[in-house]
Amino acid sequence: MAEIDHCCSTQLIDGEGEFNVVGLDNFIRTTKLTNCGLSYAVVAIMGPQSSGKSNLLNHLFPTNFREMDAFRGRSQTTKGIWIANCVGIDPFTVAMDLEGTDGRERGEDDTTFEKQSALFALAIADIVLINMWCHDIGREQAANKPLLKTVFQVMMRLFSPRKTTQLFVVRDKTKTPL
């Protein structure tokens, strides 16, 4: 079993979609992931930009993903896909932080990276957290419904023998009835 007492994180895929081979090799070596064999888990999170995905991972798992500084205004913090080892969790667990969807940096019509990263996460993660705002439930675009529909349809066709747990995280519940 890999024993490491500090969190190691690296950018796995950059914002342009380039895979970071050197970074992954360094992550595997630093965290001693190869010592785990097949006894490890992957947890990923996806959802709208600035919805607190990195913050949630940092609080649920002892990770060190960069978080948005609210005093500097809302902006893109996570670019591409980042991974980190979760310290003190058995079996060895890798957390995967995906770039937020609906970001103004990519533009309204560029959903290719969103779809690719969501499918990548569903293909390799054991658990995918789908982070969403309470007030977005039932809204066509704001709740990522088109993205989720595409992802689920493709997942059913391509990954039918593989079981990925999907956990919907509803943020900031209000008194408005669902």
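## Surface and overall make-up

The protein chain has an accessible surface of about 10200 Å², and carbon and sulfur atoms account for 55% of that area. The model is predicted. Of the 178 residues in the protein chain, 44% are buried.

Four helices and six strands make up the secondary structure of the protein chain. Along the sequence they come in the order β-α-β-α-β-β-α-β-α-β. Among the contacts in the protein chain with a separation of 6 or more, 70% join residues 24 or more positions apart.

## Nonpolar cores

In soluble globular proteins, nonpolar side chains tend to be buried together. Here the largest nonpolar core has 26 residues. The residues with the most contacts inside this core are A44, M46, I83, V94, M96, L98 and V128. Two or more core residues come from each of these elements: strand 1 (9-13), strand 2, strand 3, strand 4, helix 3 (112-124), strand 5 and helix 4 (145-158). A second core is separate and has twelve residues, including I45, F61, C86 and V169.

I83 belongs to the largest core. Setting aside residues up to four places away in sequence, I83 touches C8, S9, T10, L12, L24, F27, F65, V94, A95 and M96.

## Helix 2 and K53

Helix 2 covers residues 53-60, and its buried residues are K53, S54, L56, L57 and N58. These buried residues pack against four strands: strand 2 (40-46), strand 4 (92-98), strand 5 (127-133) and strand 6 (165-171).

K53, in helix 2, is buried but has no salt bridge. The nearest side chain of opposite charge is that of D97, 5.7 Å away, while a salt bridge needs the charged atoms to be within 4 Å. Apart from neighbours within four places in sequence, the residues in contact with K53 are I45, M46, G47, P48, D97, L98, E99, G100 and N131.

## Cysteines

How many disulfides are there in the model? The count is zero. A disulfide is a covalent bond between the sulfur atoms of two cysteines. For C86, the nearest cysteine sulfur is that of C7, at 7.1 Å, and C86 is in no disulfide. The cut-off for a disulfide is 2.5 Å between the sulfur atoms.

Are C36 and C86 buried or exposed? C36 is buried, with a relative accessible area of 8%. C86 is also buried, and its relative accessible area is 5%.

## Backbone details in the loops

Most residues other than glycine have a negative phi, and most peptide bonds are trans. K32 has a positive phi, near 60°, and is not a glycine. K32 lies in the loop between helix 1 (21-31) and strand 2. With a relative accessible area of 41%, K32 is partly exposed.

The peptide bond from D90 to P91 is cis, and its omega is near 5°. P91 sits in the loop between strand 3 (81-85) and strand 4.

## N20 and strand 1

N20 is placed in the loop between strand 1 and helix 1. N20 is partly exposed, and its relative accessible area is 26%.

Which residues are in contact with N20, leaving aside its neighbours within four places in sequence? They are T10, Q11 and L12. N20 and T10 are ten residues apart in sequence, and their C-alpha atoms are 8.7 Å apart in space.

Note on methods: Residues are numbered from 1 along each chain as its sequence is written. This is a predicted model: local features need pLDDT of at least 70, side-chain atom pairs count only at pLDDT 80 or more; totals for chains, interfaces and linings use all residues. Side-chain values use heavy atoms; hydrogens and water are left out. Buried means under 20% relative accessible area, exposed over 50%, partly exposed in between (1.4 Å probe, protein chains only). Contact means heavy atoms within 4.5 Å. Accessible areas come from the Shrake-Rupley method with a 1.4 Å probe; for residues, only the protein chains shown count as cover. Lys and Arg count as positive and Asp and Glu as negative; His and the chain ends are not counted. A nonpolar core is a set of buried Ala, Val, Leu, Ile, Met, Phe, Trp, Tyr and Cys residues joined through side-chain atoms within 4.5 Å.
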